[in-house]
Amino acid sequence: MRLPRSFPGWTIAVFGFLSFALGLLGLISPDILLAMLGFEVLDVRAAGDYTPVYMAASSMAAVNMGVYYLFAASADYTPFFRWTVPFRLVTFTVFTTLVLTGAAPGKFFGVGLWEGLGALITGYALWREGKLLPSRQAEPAT
């Protein structure tokens, strides 16, 4: 795998690495990740509490997403970089709303902030390099 060749690529690579690393942490030690996010860590879980299953599933998704981002950064795949910006802003909005409505603890806002700031930094990097919008080639005259 090669290093990113552009500023937008580096923003994606950093996000991908962090996603991969935090996903691994969630697989290896879900209680540490739960505590980092501000969720209560229970010594004993009641029957029907599927928190460990959900942590494993979401952590595995984070590992996979991290790998996708790292491969996209390695290939300098600009269309992927562009696609991430609006979807990460949506994620910021949803996660922030969860905190503001009391459905999630305050520390969970860090996840939304990570997504939102990351999206803005990637968007800025794309804009700075003139790659924020796909180039429009003239249609051939018929």
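# Helix packing, ring pairs and charge pairs

The buried residues of α5 pack against α1 and α4. This is a predicted model. A search of the whole structure finds 3 salt bridges, and 9 aromatic pairs are present.

**Helix α5**

- The buried residues of α5 are V111, G112, E115, G116, G118, A119, T122, G123, A125 and L126.
- α5 has 20 residues, which should span 28 Å at 1.5 Å a residue. The C-alpha atoms at its ends are 28 Å apart, in agreement with that value.
- G130 follows α5 and has a positive phi, near 70 degrees.

**Helix α3**

- α3 covers residues 51-74, 24 residues in total. From first C-alpha to last it reaches 34 Å, close to the 34 Å expected at 1.5 Å a residue.
- Its buried residues are M55, S59, A62, V63, G66, Y69, L70, A72, A73 and S74.
- The cover over these buried residues includes α1, α2 and α4.
- An α-helix has 3.6 residues a turn, so residues three or four places apart point the same way.

**Aromatic pairs**

- The structure holds 9 aromatic pairs. One of them joins Y69 and F80 edge-to-face, with 5.0 Å centre to centre and 85 degrees between the planes.
- That pair links distant parts of the chain: Y69 sits in helix α3 and F80 in helix α4, 11 residues apart.
- Both Y69 and F80 are buried.
- Y77 and W83 also form an edge-to-face pair, at 5.9 Å centre to centre and 80 degrees between the planes. Y77 is partly exposed, because its relative accessibility is 41%.
- F15, Y69, F80 and W114 are linked by ring pairs into a cluster.

- Side chains of opposite charge can pair when their charged atoms come close.
- R88 forms a salt bridge with E115, the closest N and O atoms being 3.5 Å apart. R88 lies in helix α4 (residues 78-100) and E115 in helix α5 (residues 109-128), so this pair ties together parts that are 27 residues apart in sequence.
- Both partners, R88 and E115, are buried.
- R45 forms a salt bridge with D49, with 2.8 Å between the closest N and O atoms. R45 is partly exposed at 24% relative accessibility. D49 is partly exposed too, with a relative accessible area of 24%.
- E129 forms a salt bridge with K131, and their closest N and O atoms are 3.5 Å apart. E129 has a relative accessible area of 32% and is partly exposed. K131 counts as partly exposed at 26% relative accessibility.

**Nonpolar surface patch**

- α1 (7-28) and α2 (30-36) each supply at least two of its residues. The largest share, 5 residues, comes from α1.
- I32 belongs to helix α2. I32 is partly exposed, with a relative accessible area of 45%. Residues in patches need over 30% relative accessible area, so I32 at 45% passes that cut-off.

Notes
Residues are numbered from 1 along each chain as its sequence is written. Side-chain values use heavy atoms; hydrogens and water are left out. Helices (H or I, at least four residues) and strands (E, at least two) are DSSP runs, numbered from the N terminus. Buried means under 20% relative accessible area, exposed over 50%, partly exposed in between (1.4 Å probe, protein chains only). A salt bridge is a side-chain nitrogen of Lys or Arg within 4 Å of a carboxyl oxygen of Asp or Glu. The expected span of a helix is 1.5 Å times one less than its number of residues. Contact means heavy atoms within 4.5 Å. Rings of Phe, Tyr and Trp (its six-membered ring) pair if their centres lie within 6.5 Å; planes under 30 degrees apart count as stacked, over 60 as edge-to-face and the rest as tilted.
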